[in-house]
Amino acid sequence: MIVALGWVPRGAAKAVPDKESVEDEEYTAQLAKMALEGHNFERDDLSDEDEGEPDAPGVEGEGDQAASDGEDEDDDATGAKEDKSSTKESTDEKNADGTKKKKNRGRKRRGEKPLVEPKDIEAEYGLDDYDAEGGGMAGMSDYIYYPSNVVDPYLTNKVDEEEDDIEDVNVRPTDSLLVCATTDRELSHLCMHLHEDGGNTYVHHDVMLATFPLCLAWMDINPLAPETPGNFVAVGTFTPAIEIWNMDVLDVLEPVTTLGGLAPVSRGKKKRRNRPQTPQPLPDSHASAVLSLSWNKRHKNFLASGGEDTAVKLWDVTTQQCRYTYKHHTDKVQGVEWHGSEEAILLTGSFDKTLAVFDARAPTGVAKWPLSADLECLHWDPHNPKLFMASTEDGKVQCFTLDVQGRALYTIDAHEKTVNGISYNPTIPNLLATVSGDKSVKLWDLTDNRPKCVASKELALGKLFCASFYPDNPFLLGVGGKNGLLVMDIHKSFEALQSAFPQYAALHTTTTTTTSTTTTTAS
């Protein structure tokens with residue numbers, strides 16, 4: 001199930017992603033510790049008197065075999081009397097050092113073929129001189145880990161598989177990347193999907209999340225090195241924490257940093273027996289789930305968030321601190337978005353059935369507009385700085401203008417069920433996409449504030465939760481639903497668009513030519 005998605009601008013991601021290194025200090029220290037502890041398991045340290053006793057945890061030896069023999073004796077209690085002579089003969093056999101042999105007792109009683117005697121194994125594989133090959137963990141300290149197949153003396157094939165895999169993870173100039181917040185039963189992931197120019201879409205790599213994701217925001221600033229651009233995604237979940245992940249690293253295990261969250265539970269004395277302590281939110285953190293996120297593209301260190309706790313927060317990702325908390329809503333804040341050209345103007349929407357617009361530098365002057373029902377999604381119009389749009393739970397889409405406060409400019413009865421997602425086309429003015437719980441996607445012509453549906457299609461994704469046009473290609477529309485992701489080419493899927501928008505045909509020809517030129521250059 002895709003609950004949120006966002007496009008990565010072309011060229012923002014690394015052509016060859018990094019890989020989480022296994023040669024960090026912690027990993028190396030762990031290997032050293034294992035090697036140092038290996039001397040406890042050397043064969044010389046196991047005295048003859050200890051043979052047949054349980055071995056150290058994790059080491060298989062005579063003690064394990066003895067335990068197995070004991071189980072054989074319990075299971076074959078009836079047959080023991082009949083095979084008494086055979087059992088006694090096996091028990092009386094001795095090793096070269098005078099100790100009794102125990103390995104074949106149960107097998108002989110059952111009439112099975114005896115195991116190869118230990119002395120034969122030692123002679124065949126030279127185990128008598130095994131310890132002379134080196135110390136460490138049972139003689140393996142010299143070849144526990146090799147950083148490359150090239151330097152591994154035990155391999156005849158020196159081709160490094162990692163070099164062969166590089167081509168599989170390369171991001172070509174014509175590829176499009178789409179990051180999705182995904183959940184599947186009890187597992188949640190942050191997935192980077194790659195859409196090839198030919199139309200194929202697949203998961204390039206993913207990150208496992210600890211809890212259910214609710215929203216995301218892509219950003220190109222590295223919180224730990226602000227002067228270095230990158231490919232980062234902030235994720236809001238059912239917890240108060242906002243995690244920021246580096247999507248240019250494969251097999252990454254933890255986020256780069258976290259904004260807010262829960263304080264560690266104290267390990268001191270418990271006030272009441274058998275009653276676990278409840279973690280409390282950190283100071284200035286959201287108190288519960290984070291429902292919406294928006295990154296400021298002009299002031300790149302600022303990230304806005306809306307929470308279940310009715311608060312809107314402004315974060316500085318470089319210091320991981322909350323700069324301001326706004327309390328102009330009375331219910332869950334479902335949507336937040338920065339204005340496209342006015343860097344300090346913020347649009348917010350809530351389950352209190354209102355939209356709000358204010359200057360983040362002077363939050364006392366808040367303008368509000370009523371909604372017909374609980375908010376689901378909101379966006380600024382990228383082609384008209386005064387217009388903004390909101391979709392609601394009752395299947396309506398409402399357009400508002402900054403020039404008229406207190407009422408909607410117009411209302412669209414868009415779908416029979418909740419309109420979960422809306423998206424303006426970044427290149428073609430007046431083109432809007434909507435997706436709904438009724439499993440359909442619709443395209444609207446908003447020319448002259450007289451909206452009309454120009455195309456509609458029911459998808460095989462179940463309920464649809466989100467949609468977004470690709471900024472670098474106006475004909476690609478990403479749609480997320482209960483059954484996965486679909487990247488649609490609206491030029492191929494909706495022929496009616498060509499007649500509805502006069503500039504459509506020329507724009508498609510230009511886009512196709514540009515893509516072909518890029519492909520030729522890349523090859």
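Analyst: One term to begin with: contact means heavy atoms within 4.5 Å. Also, this is a predicted model.
User: OK. What is isoleucine 242 in contact with, leaving aside its neighbours within four places in sequence?
Analyst: Isoleucine 242 touches Ala234, Val235, Thr257, Thr258, Leu259, Val290, Leu293, Leu303, Ser305 and Trp315.
User: And which residues have the most contacts inside the largest nonpolar core?
Analyst: Ile242 is one of them, along with Leu190, Val233, Trp245, Met247, Leu293 and Leu303. That core has 37 residues.
User: Which elements give two or more residues to this core?
Analyst: Strands E1, E3, E4, E5, E6, E7, E8 and E11. E6 gives the most, with six residues.
User: Switching to strands. How do E25 and E26 run?
Analyst: Strand E25 (residues 440-445) and strand E26 (residues 452-458) run antiparallel, joined by six bridges. Serine 440 is opposite glutamate 458 in E26. The two strands form a hairpin with six residues between them, and aspartate 448 in the turn has a positive phi of about 60°.
User: What is the order of the open sheet of four strands?
Analyst: E15-E16-E17-E18, with antiparallel pairing.
User: Why is one side of E15 and of E18 left without a neighbour in the sheet?
Analyst: Both stand at the edges with a single partner strand each, so one side of each has no neighbour there.
User: And how many bridges pair E15 with E16?
Analyst: Five, in the antiparallel sense. Glutamate 337 stands opposite leucine 347 in E16.

Note on methods
Residues are numbered from 1 along each chain as its sequence is written. This is a predicted model: local features need pLDDT of at least 70, side-chain atom pairs count only at pLDDT 80 or more; totals for chains, interfaces and linings use all residues. Side-chain values use heavy atoms; hydrogens and water are left out. A nonpolar core is a set of buried Ala, Val, Leu, Ile, Met, Phe, Trp, Tyr and Cys residues joined through side-chain atoms within 4.5 Å. Buried means under 20% relative accessible area, exposed over 50%, partly exposed in between (1.4 Å probe, protein chains only). Two strands pair if DSSP finds at least two bridges between them.
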